[in-house]
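Good morning. I have one structure for you today, so please look at the screen.

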Amino acid sequence: MSKTTSDLEADIRQLKADLEILTKQLAATGEHSISAAKRAASEGVDQLRVHGEAAMDGLKSNARDVEAQVIATVREKPVTALAIAAGAGYLFALLSRR
């Protein structure tokens, strides 16, 4: 059961070698995890961009519809539209004084 100095030195060398291998494996795992995280983040950004563009297109479409409705209403009832614009201007002037 008694180990000699050379046996202990051999065990220490083996432990050092095992630690080096383990360190390299952990580094490789870390690099793999970082690249996977970057890939996932990139995919997330791409999805957000697509959703953002779709939302922007929807807002533009809604704005065009509202604009068309306002133009149609102003053409149908110009006096009413003028009265509403004057009232809104008056309210804005009152609010901006305070």
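Before the charges, a convention: Lys and Arg count as positive and Asp and Glu as negative, while His and the chain ends are not counted. Each charge is placed at NZ of Lys, CZ of Arg, CG of Asp or CD of Glu. On that basis the protein has 13 positive and 13 negative charges, and their mean positions are 12 Å apart.

Now, where this comes from. It is a predicted model, in which local features need pLDDT of at least 70, side-chain atom pairs count only at pLDDT 80 or more, and totals for chains, interfaces and linings use all residues. Residues are numbered from 1 along each chain as its sequence is written, and side-chain values use heavy atoms, with hydrogens and water left out.

Next, the overall form. The protein has two helices and zero strands; these are DSSP runs, numbered from the N terminus, with helices being H or I of at least four residues and strands being E of at least two. The radius of gyration is 36 Å, well over the 13 Å that the globule rule gives for 98 residues, so the protein is more spread out than a compact globule. That radius is taken over C-alpha atoms, and the rule is 2.2 Å times the number of residues to the power 0.38. Along the principal axes, the C-alpha atoms fill a box of roughly 110 × 35 × 15 Å.

How much of the protein is buried? Buried residues make up 0% of the 98, where buried means under 20% relative accessible area, exposed over 50%, and partly exposed in between (1.4 Å probe, protein chains only).

Helix H1 covers residues 5–76 and includes leucine 19. Leucine 19 is exposed, at 54% relative accessible area. Arginine 75 is also in helix H1, and it is exposed at 70%. From arginine 75 to lysine 60 is 15 residues in sequence and 22 Å in space, C-alpha to C-alpha.

Last, the pairing. The whole structure holds one salt bridge, meaning a side-chain nitrogen of Lys or Arg within 4 Å of a carboxyl oxygen of Asp or Glu. Arginine 49 makes it with aspartate 46, and their closest N and O atoms are 3.1 Å apart. Both lie in helix H1, three residues apart, about one turn of the helix. Arginine 49 is partly exposed at 45%, and aspartate 46 is partly exposed at 37%.
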